[in-house]
Every structure is written in C-alpha cells, then in structure tokens.
Amino acid sequence: KICESSGESLVSCEGECCSVFHVECLGLKSMPDEKFICTECKNGEHTCFSCKLPGKDVKRCSVNTCGKFYHEACVRKFATALFESRGFRCPQHCCTACSMDKDIHKASKGRMVRCFRCPIAYHSGDGCIAAGSLFVSSHILICSNHSKRNHSSSAVNVGFCFVCARGGKLLCCESCPASFHPECLNIEMPEGCWNCNDCKAGKKLRYKQIVWVKLGNYRQVCYFWWWPAEICNPRSVPLNIQGLKHDIGDFPVFFFGSHDYYWVHQGRVFPYVEGDKSFAEGQTSINKTFKKALEEAAKRFQELKAQRESKEALEIERNSRKPPPYKHIKSNKVIGKVQIQVADLSEIPRCNCKPSDENPCGLESECLNRMLQYECHPQVCPAGERCQNQCFTKRLYPDAEIIKTDRRGWGLRTKRSIKKGEFVNEYVGELIDEEECRLRIKRAHENSVTNFYMLTVTKDRIIDAGPKGNYSRFMNHSCNPNCETQKWTVNGDIRVGLFALCDIPAGMELTFNYNLDCLGNGRTECHCGAENCSGFLGVRPKTAFATANEEKVKNAKLKQKKRKIKTEQKQMHEDNCFQCGDGGELVMCDKKDCPKAYHLLCLNLTQPPFGKWECPWHQCDVCSNPAVSFCEFCPHSFCKDHEKGALVASALDGRLCCSAHD
C-alpha cells in the first residue's frame, strides 16, 4: 500500500482494510510475532478510496475481501456501484468497460483486474482493459487515468469536425484529438478547457483496436499526417519495443504499411471507423506505403469485426440455454429504510375453524381469515397443526419449472394440476422504497434495460424481483391469465401472493395480468396469444362480447360507407419528453389538442396520474391558475396576471421562450 510494488516480506493487516505492506515500509526489521493491525484500523479513521480524504464517516464495501472505504456521496457518483440491504458493493467489483457498453449482466461477472489507485476495474483480457494501463501483478494494475503526462498540453487535434467532417472554427477536446463545430453539438463556444463527451464519461481505447495516429511531423506525406495503426498489448510486441521509454497511459501501436511500432498516448490517437479509407480517395499524390496501410487497416478492421461478432453470437447462443442470472431467495429482502412489519400475537385475528373440521381453514372452508385474506398464525389458529391457511409461511408452492417460450422469453410451467383458488407462489424480491425505485428506474434507462420486475405493495413499499427473487419472477403476462395477484396480511405484514383463477392442468404455463399503465407512444407489444389479446401491454383486453361482435361491427360500418360519419380524429402526442427532450416511456397529457408527453421522473412521479390528467404546461408557474401564455421550449407558462415580461420572442421564427432559454 505504501510503495506500490510487489515482493517478499509482505505482512497483511488483519483489521477491516485488508491492506498489505512490506515489513521495511512499516519501519520494522522483521515480521511481527503478534496479530498485525495497521494504524488506520487502530484509529478507526479510514481514507476514502475515491476522494482520498480520511474520516470516520466513511463506509466499508460489503464484499468481505475488499476492504475499501468510501464516503456515501463519493461511491454514489459511480454507476458501477451496487447498493444492497447490507450496504454497497463498490465499483471495483464491476467491469468499467462492460458498464460503458451497457452490458450490465456481464459487467459484474468473471475475474476482475483492479486499479490500485482508484475505483476502476476491468475484466482480465484485452477485450476490456484500457490501453495504457500498467500491470503491477496478475490481478492489480494502475489504470491509464493516472498518467503523469499533462493531457491538456499533449493532445493533437484533427483539423475537421467529427460530426460533419468539415473544417473551420473548431472546438477541440483537451484530452483526445476530437474536434467539433460548436453548432454541430448545439452549444456555444465554451471558455477555458473543454473535454468531449467520451472523455467526460471515461471512455478509453482498448487493445486490438484500429486507430489513426499522429507523431508530430512524422509521415507528413499522408492526409493530415494521420496514419492507420492497431493498438497492441505491450506483452505482444518485440522486446526491443517493450524496452523503449514510456509511462503509464502510453501504449504501443503497430503501423500498417510500414509494419513498425511506436509508443503513443490517447492525446494522439482516435478510433478508426468503417469507411475511413474513403477520405484519401482522389488524392493524386498519395504515397504508396500509405495506400498499402489503408488497405491493410480496412482488411484488419473487418477481421476484428468478424471475430467480435462471432464471439457475441456464441455468447448469445450460450445465454439462450439458461435464464439471465439472478439470486434466488425465499423471502423479501429489505433495502434501505423499508421495514417489515411484525404484529403482536394479540393483534392477529383468530378464525372460528375447529381441528375436527374436514379441511380446517382450507379452500372450501368458511374460514374468516381466508375470506379477509389474512393468513392464520400457528400459535393463534384454533385448528392448530391441521390449519390449511399457512401457505405463505410454509411456502407451499406446487412444483413448477422454468421454460423457454416462443416469443415471450422465459416462462413458468406447472408440473402438477392446480385447483381454482389454490396458492401458486409468493412474489418475492428486494423490498425498496419510492426513492430507491426511482433511482433504479433511472439507472435502468441509462443502461438501456427494458425488463422490469417491480410490483407495488403499498405507497412506499415496492418489490423488485430483478436482482433477487424466486420462480414467480418468470411468470409471463397474459390478457387471459390463469393466475392473479392478491395482497395478504401475514403476521402483520402485507405480502403478495399468486393464486389460480381457474383449474390449471399439469404442463400449463402460469400467467397473470401485469396491469401495466401504458406510458406514452412507446407501447410494448403483447404476444400472449389469447383470443381477447389487446395487442399491447397495459391496454385493457377485449371483452368476450366485443370479440364475438367484431364482425357485426365491421359489417355495420360497411353499410354506412355512403353516409357521412363525423369521426373524431385521434389525438397524436409527441415522441419525446417536453421537459428533457429524450424519448422512452412517456405519460401523455389528456387535455384536448395538447400533444405534450413527459417522463414520470421529469414530473417527480413514480406512478402514472390517475384519471384525466392535464400537464404542467396548462397551469401558471406562479399561482397555478389556468395559463394563457406558454413557453414553446419547456413546460413553463403563465396566467393573465403574471404573463407580463415573462416571455420574449426567440430567434427561432419568433417562437416565445421564457428566461430559462437564451
């Protein structure tokens, strides 16, 4: 931990930090005879691994062998951190590269190589590790973020815009060669240092990537002096190249055409993309070696692309054999501030069933608790051990198996016949509050996750069966389901169970109606195959009467085709959120002729509004009275009393805008 090097005579701290030290770095002459605990563990003041500031308000990563400490505010800045009921798993247990590629299922699996100085980790192998990282050991490295080079003075920028490929007045990134016209990014020319979005997000170049390289005036015969090359792993280049002077953040490249090597850094390299060969076409004075380099680069790019696609196809095929990973649990796991209620025995209702009854507290009994959806308590129920209303507590689930369906992913199928009203399974997962639910939904949208397993129990209690759950999480939606969800009170706590709506034969898939609220225009197509299928999730299924009379309605319309029928035109809504401008799942305004739509998060809502709903654009920002003047670029609006001076005509066709816009 002190000198950042390996070697012999290492002693491990047996405290919470799990750090390792050289005996001589500790000022000791020999290995300690007694149990060794470092100074930080003795004092209880550990240093935050992110901001490097010490304090007693830091918290330890929940992984036993980790030993890293963080301020909660620091660790929440990393999208790769995972918060659980017992704390959090720090970013060093999730691959930064896979997370950047939105492959969240793969990101936390497999062997990791971790940075010694910051909360960065990668999967071992050339596919994920950032080029320029320095290996300290087989599982420890110093990532390229710790280069001693001042990138703000070493980046060599291209002379054309990365968006439109034209020259002119360009905005140059301080960390890489990227250049842009400010108007191509829809921004004003900033003052001072500026970094492109890729550099801000921490996106790094990787080994076996084809790039364009510039070495001062070297190879100036080529177009803009940039030359195609491939980034190499330092261990795969000749020994004399490995011995050349280089630092953390530098990596060797193999030049196409001339077949020589050189050490460069991110400031002089940008990615090659398919078709880049075309920019040199038509150049009459093109060098033969450069022409050969372009051909070799294009060929090698296609080879690497084919290898990558073959690997991805193999992985998809392998993953199709089993469901996506999740942790199987038997009961709800509390996350954060949510609490599981436990009732006193005196508060638990007592039914009137008797032990001598044929099926005490059973399906066909007149058990008061069962009628009111209360589970009997073994110490309170007069039927005692013969009580048949303890399915949640005893987990009396019929045998079922996970199956692969044709068009609906994975599903759940019963192995035995189930009677109408019988308990099928409990819906379990992580029990989270509204705030955590919103954070997870936001994180899911950022990572392009489309599968959700959240089920609302009460206003501030949501079950998320995504990361953890049981077989119930595999039950598919159906517009004509054979199961339904019911909220039961079990020992004072509300829990969700799935019960059979009809007699279900063995071998039948188990389904229930998700009752999703349809948000915006991006509706999810339903593939349940039921006769009354509505076609989309969240749309009310067709009734039996409507299904039977569809043909009659069509025939009646044909007879009326000679008559003029006044039809109300369907109201069309915008595809992007009026608040943030992004697409996705949106809730639409119900006011006539209003096309606006919004994300729930942008409205500070967790559930869609009930009944007819008018968006904020129709209420004055100051007094909430009906608005008469509207900003055409955001939901700000004003009533007659407050409209004076609130809006001005913009340069865009004179459209009105508020003070929030330039």
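Which strands each supply at least two residues of the lining of the second largest pocket?

A: This is a predicted model, where local features need pLDDT of at least 70, side-chain atom pairs count only at pLDDT 80 or more, and totals for chains, interfaces and linings use all residues. Residues are numbered from 1 along each chain as its sequence is written, and side-chain values use heavy atoms, without hydrogens and water.

Strand 2 (20-22), strand 3 (46-47) and strand 9 (112-115) each supply at least two lining residues. Strand 2 gives the most, with 3 residues. Strands are DSSP runs (E, at least two residues), numbered from the N terminus.

The second largest pocket has a volume of about 970 Å³. A volume is the space filled by probe spheres set on grid points, joined across faces, edges and corners. A pocket is an open set of points on a 1 Å grid over the protein atoms alone, where a 1.4 Å probe fits, with protein on both sides within 12 Å along at least five of seven lines; lining residues have an atom within 4 Å of a point.

The lining holds 37 residues, and Ser19, Val20, Lys68, Phe116 and Ile140 lie nearest the centre. By class, 17 are nonpolar, 13 polar and 7 charged. Ala, Val, Leu, Ile, Met, Phe, Trp, Tyr, Cys and Pro count as nonpolar, Asp, Glu, Lys and Arg as charged, and the others, Gly among them, as polar.

Strand 9 pairs with strand 10 in the antiparallel sense over 3 bridges; pairing takes at least two DSSP bridges. Valine 113 has tyrosine 122 of strand 10 as its bridge partner.

Terms used. Helices (H or I, at least four residues) and strands (E, at least two) are DSSP runs, numbered from the N terminus.
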